[in-house]
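Please look over the following model with its fold, its helix packing and a few single residues in mind. The paragraphs below take these topics in that order.

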Amino acid sequence: MALGERVPASLIAPFLLLAGLAALGIAAWPRHMPAPQSAAPLWWICPSDAVCGWGDPTGVSLAAPVTVMRRVVRITDPRREEALAVDVTAMASAEVRWNGAVIGANGRVGPDRAHEVPGRFTASFPVPWGRLRAGDNLVEVRLSAHHRWVPVGRPVHRLAIGPPQEPLRGVLRAYLPTLIALGLLVAILALHLLARTGRAPALLAGVVLVQAMAEASKLMLTYAYPWQVARLFVVALLAGIAALLLAWMARALVEQRRTRTALLGITALAVAAAWLLPAWDAKALWALRAGAGAALVGAAWGQGRMRLALGGYGMALLWASLVPGFLDSGYYLLAAAFLAVTAFPRRAAAAEAPRPATPAHLTLPHGTAQHRLASGDLLHAQAEDDYCRVHLADGRSLLVTVNLGALVRMAVPHLIRVHRSHAVNGAKVAVLHRGGPIELVDGTSIPVGRTYRAALAAWRDQ
């Protein structure tokens, strides 16, 4: 039994819309992260060589010509200490000093663009054994970011002191879901293209695949930090395109032309607004939230089975976007699941045997007589006690001596029951109003019963 048969369709749409709005509100609500309660020493953030203040290293804007970040590391016995390294992941050039001596540089730190040489986005600096001393050790990381050509909300991703390791070792673990999704997205894209499920799903699969490749490129390439900004640009651009494709798919579910146009236009404006955000880190996330909102609107006001898949994906997209690191991994697996759901049922339907040809004539009983009619002449039928009144395209009506249920079974597939007292010829339906009556080609308005809406929606999707 389908979901729409167990739960009234009138309750599904408001639930999806309200849940999506709640998720969007939570995403937009300002949150203040509590200060860490750890006794471990923190980094001191020093915009200059003057007085330092306490803070989170990932919250530094690197607006000063040279930003100095310091930390005290206490070592009990240097002879027993394991090898140490300072790991720096930042959109900046870096120079690391241990107890005042330079132990490594990533590019060249400078007070302006002319004097700075861009360093790599990720670097690791081993600490020489001779620089370790018992007691407090002062670590300094000097950063400059004059080759970053757009504003970024979080230029410093990671500063850590610990055992030496490959710079991308921890990143690989974080990006394993993206690597898995890459293979799934390739298969799903091929499936959409072979099954010819429509341009929008195939384009969405392709856009998400390219975005996943741009996301995972961090593992495959060693690049200077300005290219990280270019990578953010590509990810934000593709996220905006994916949001517009979601709106296009949602638009197809809505019957009213003005509503369709408004849905696509408002989503485009929301994506443009996301692109105007000051920090490039947040552009992709807010663009995808705009597309998720469009998917929920289409699911709430649309019809057919596709609205459940699109509405569920929009709601999951909004909720999952609250998780840190969502764009690094979760988005691609979620998109792959949604695209698989939309592709497989259509492919299975395409593989079915062709339906038998619809008979051109049908025979209806009238007492001991039989009326033989062309299928195109039948408009609709209306129950009259134990009999039925059949209305024809030329304006005539015939009294048929069977009840409406028996007539519908005799006239399959011409007649579709839409009400306790009414059945219509599907080929003669001109307009289907959401939640309202049906209009036939001759202008006749036929009411639709609540219990028959699911069957009518399934007929429309055929």
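Contact means heavy atoms within 4.5 Å. Among contacts in the protein chain between residues at least 6 apart in sequence, 66% join residues at least 24 apart. This is a predicted model, in which local features need pLDDT of at least 70 and side-chain atom pairs count only at pLDDT 80 or more, while totals for chains, interfaces and linings use all residues. Residues are numbered from 1 along each chain as its sequence is written, and side-chain values use heavy atoms, with hydrogens and water left out.

The protein chain has 12 helices and 19 strands; helices (H or I, at least four residues) and strands (E, at least two) are DSSP runs, numbered from the N terminus. Of its 462 residues, 44% count as buried. Buried means under 20% relative accessible area, exposed over 50%, and partly exposed in between, with a 1.4 Å probe and protein chains only.

Helix H6 (residues 226–251) packs against helix H5 (residues 199–220) at an angle of about 160 degrees, their axes 9 Å apart. That angle makes H5 roughly antiparallel to H6. Axes are lines fitted to C-alpha atoms, for helices over the stretch in contact, and angles run from 0 to 180 degrees between N-to-C directions; those under 35 degrees count as roughly parallel, over 145 as roughly antiparallel, 65 to 115 as roughly perpendicular and the rest as oblique. On the H5 side the contact includes Leu203, Leu204 and Val207, and on the H6 side Val234, Leu238 and Ile241. The residues of this contact of H5 with H6 divide into 17 nonpolar, two polar and three charged. Here Ala, Val, Leu, Ile, Met, Phe, Trp, Tyr, Cys and Pro count as nonpolar, Asp, Glu, Lys and Arg as charged, and the others, Gly among them, as polar.

H6 also packs against helix H8 (residues 283–301), at an angle of about 5 degrees and with the axes 8 Å apart. H6 is therefore roughly parallel to H8. Among the residues that make the contact are Ala239, Gly240 and Ala243 of H6 and Ala287, Gly291 and Ala295 of H8. The contact of H6 with H8 comprises 14 nonpolar residues, three polar and one charged.

A nonpolar core is a set of buried Ala, Val, Leu, Ile, Met, Phe, Trp, Tyr and Cys residues joined through side-chain atoms within 4.5 Å. The largest one has 80 residues, of which Val86, Val88, Trp98, Leu143, Leu204, Tyr331 and Phe338 touch the most other members. H6 gives the most to this core, with 12 residues. Apart from it lies another core, of 18 residues, among them Leu373, Leu392, Leu415 and Ala423.

Which loop residues are left to consider? Most residues other than glycine have a negative phi. Asn99, although not a glycine, has a positive phi of about 55 degrees; it lies in the loop between strand S5 (93–98) and strand S6 (101–106). Asp385 likewise has a positive phi of about 55 degrees, and is found in the loop between strand S12 (378–384) and strand S13 (387–392). Asn99 counts as partly exposed, at 22% relative accessibility, whereas Asp385 is exposed, with a relative accessible area of 79%.
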